[in-house]
Amino acid sequence: MRHLRVFCLLMVLSFTAGAMAQGSGSAGTAKPSTPQAQTSPQPAPTISKVIDRQISIIEKEFVSAAEAMPEDKYNFTPAGLNLQGSDYKGVRTFAEEVRHVATANYMFWGAITGDQMLPGTNGPNGPDNIKTKAEILKYLKDSFAIGHKAAGMLNSENIVSTVKIPMSPNPVSKLFVSTFAVAHGFDHYGQMVEYLRMNGIVPPASQGQ
Amino acid sequence: MKDPGMLRIAILFSFAITAVAQSPRNAAPSGPGSPFSVAIDAEITKIETQFVAVAEAMPEDKFNFSPENLNVQGTELKGVRTFAAQVRHVAADNFAIWAPMTGKPEPEGIKAPNGPEEMKSRQEILKFLRDSFAYSHKAVLGLTSENALELVEFRGSKVTRISLAFLALTHVNDHYGQMVVYLRMCGVVPPGSRPRPR
């Protein structure tokens with residue numbers, strides 16, 4: 001479907017890594033744009049920066065997709081299309097997909113930062129009083145802000161230390177939490193791009209391809 | 001867990017994390033492999049289990065299904081990948097993304113990003129997929145806390161090893177999300193969403 005997704009992600013990754021490569025003496029691909037850049041070594045990559053970049057990647061794609069759905073279709077579910085032979089009974093609405101990922105972000109990243117879930121969170125889709133598109137988007141963006149806060153707290157030493165998360169009886173490493181949080185966002189992003197296309201909307205990341 | 005709200009969240013979250021988290025290999029930074037490779041390997045296992053199950057759940061006569069062919073009014077599904085192409089693409093990119101971790105060239109015949117076009121049968125494509133995850137498990141063994149931030153070359157650019165691990169995992173999850181929607185279009189409830197035996 002999206003032939004260029006890996007390419008786009010690579011561009012983001014390579015931008016960072018290329019800049020970092022200049023600082024580390026390796027043969028980077030990014031060319032300095034100013035004389036100052038040629039003489040100012042870039043900071044070396046750190047765990048904190050790498051994870052922060054990964055959060056930025058999913059945040060950009062996910063928020064763009066969430067914003068792309070018109071407000072009057074925010075409670076769309078494929079079940080409403082009544083496609084012959086399909087089975088969409090009980091699936092999340094578009095709004096619930098967004099709320100779910102925001103709730104998961106709060107839970108995963110909060111395990112690292114100590115931030116609490118919002119009051120009224122009694123299930124995987126977050127507080128029931130978050131209903132409008134504007135409210136849901138704010139909830140989503142706030143959840144990614146906690147992700148960035150968590151990334152700022154991570155380093156090469158503490159990334160392998162463990163934390164408790166609600167659905168696991170055993171502690172898990174902060175690296176596991178970090179990869180899970182970002183990957184989980186992409187799982188639901190993949191579903192949401194199909195929801196968008198079902199409504200005649202090309203996902204922002206695929207526009208122009 | 002004393003907070004009943006959090007208990008409900010734990011129960012209701014439909015993640016396949018519990019089995020993974022219960023694995024002793026993921027519980028603490030010890031055991032075989034470095035803490036880095038152990039954590040990432042657990043993630044590979046999680047998405048491998050889900051993704052292979054979804055790929056296997058599509059009947060052979062629908063393996064080339066594309067939502068475009070439903071011709072539903074008001075949709076924008078022109079040119080999207082077929083189900084088979086999604087699986088082949090993920091398998092090919094598993095090989096391509098993990099290859100730099102091995103220090104060896106990408107295996108021959110992978111033809112990333114879309115895989116070999118001549119590979120058409122469900123059986124062949126599923127084998128290609130399983131082989132790609134086996135390759136991923138081997139490649140991640142080379143990831144350590146010492147080299148996680150080292151730069152490796154991937155498609156002409158330099159990226160950190162840990163960034164590539166993120167890319168590999170997020171890429172599979174993205175397509176997994178698309179494929180569960182395809183499955184439901186064909187009347188198949190994704191295995192991960194079916195009632196679990198008690």
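**A helix pair, a core and a hairpin**

Trainee: Which residues of H4(B) meet H6(B)?
Mentor: In this predicted model, Ser37(B), Ile40(B), Asp41(B), Ile44(B), Glu48(B), Val52(B), Ala55(B) and Glu56(B) are the H4(B) residues that do so. On the H6(B) side, they meet Leu126(B), Leu129(B), Arg130(B), Phe133(B), Ser136(B), His137(B) and Val140(B).

Trainee: And how many of those are nonpolar, polar or charged?
Mentor: The residues of this contact comprise eight nonpolar, three polar and four charged.

Trainee: At what angle do the two helices pack?
Mentor: H4, residues 35-57 of chain B, and H6, residues 122-140 of chain B, pack at about 175 degrees, and their axes are 10 Å apart. An angle over 145 degrees counts as roughly antiparallel, and H4(B) and H6(B) are therefore roughly antiparallel to each other.

Trainee: Changing topic: which residues have the most contacts inside the largest nonpolar core?
Mentor: Those are Phe108(A), Val177(A) and Ala165(B), in a core of 100 residues. Helix H7 of chain B, residues 161-185, gives the most to this core, with 15 residues.

Trainee: What is Val177(A) in contact with, leaving aside its neighbours within four places in sequence?
Mentor: Val177(A) is then in contact with Phe108(A), Ala111(A), Ile112(A), Val163(A), Ile165(A) and Val172(A).

Trainee: Now the loop between H5 and H6 of chain B; what is the phi of Lys111(B), which lies there?
Mentor: Phi of Lys111(B) is near 55 degrees, a positive value in a residue other than glycine.

Trainee: Which residues does the cis peptide bond join?
Mentor: The cis bond joins Ala112(B) and Pro113(B), with omega about 10 degrees. Pro113(B) also belongs to the loop between H5 (83-102) and H6 of chain B.

Trainee: What sits between the strands?
Mentor: The hairpin has two residues between S1(B) and S2(B), and Arg155(B) takes a positive phi near 50 degrees there. Arg155(B) lies in the loop between S1 (151-154) and S2 (157-160) of chain B.

Trainee: How many other C-beta atoms lie within 10 Å of Arg155(B)?
Mentor: There are 15, so Arg155(B) is partly exposed.

Conventions. Residues are numbered from 1 along each chain as its sequence is written. Chains are lettered from A and ligands numbered from 1 in the order in which they are written. This is a predicted model: local features need pLDDT of at least 70, side-chain atom pairs count only at pLDDT 80 or more; totals for chains, interfaces and linings use all residues. Axes are lines fitted to C-alpha atoms, for helices over the stretch in contact, and angles run from 0 to 180 degrees between N-to-C directions. Helices (H or I, at least four residues) and strands (E, at least two) are DSSP runs, numbered from the N terminus. Angles under 35 degrees count as roughly parallel, over 145 as roughly antiparallel, 65 to 115 as roughly perpendicular and the rest as oblique. Two residues are in contact if their C-beta atoms, placed from the backbone, lie within 7 Å. Ala, Val, Leu, Ile, Met, Phe, Trp, Tyr, Cys and Pro count as nonpolar, Asp, Glu, Lys and Arg as charged, and the others, Gly among them, as polar. A nonpolar core is a set of buried Ala, Val, Leu, Ile, Met, Phe, Trp, Tyr and Cys residues joined through C-beta atoms within 7 Å. A residue is buried if 20 or more other C-beta atoms lie within 10 Å of its own, exposed if 12 or fewer, and partly exposed in between; C-beta atoms are placed from the backbone. Two strands pair if DSSP finds at least two bridges between them.
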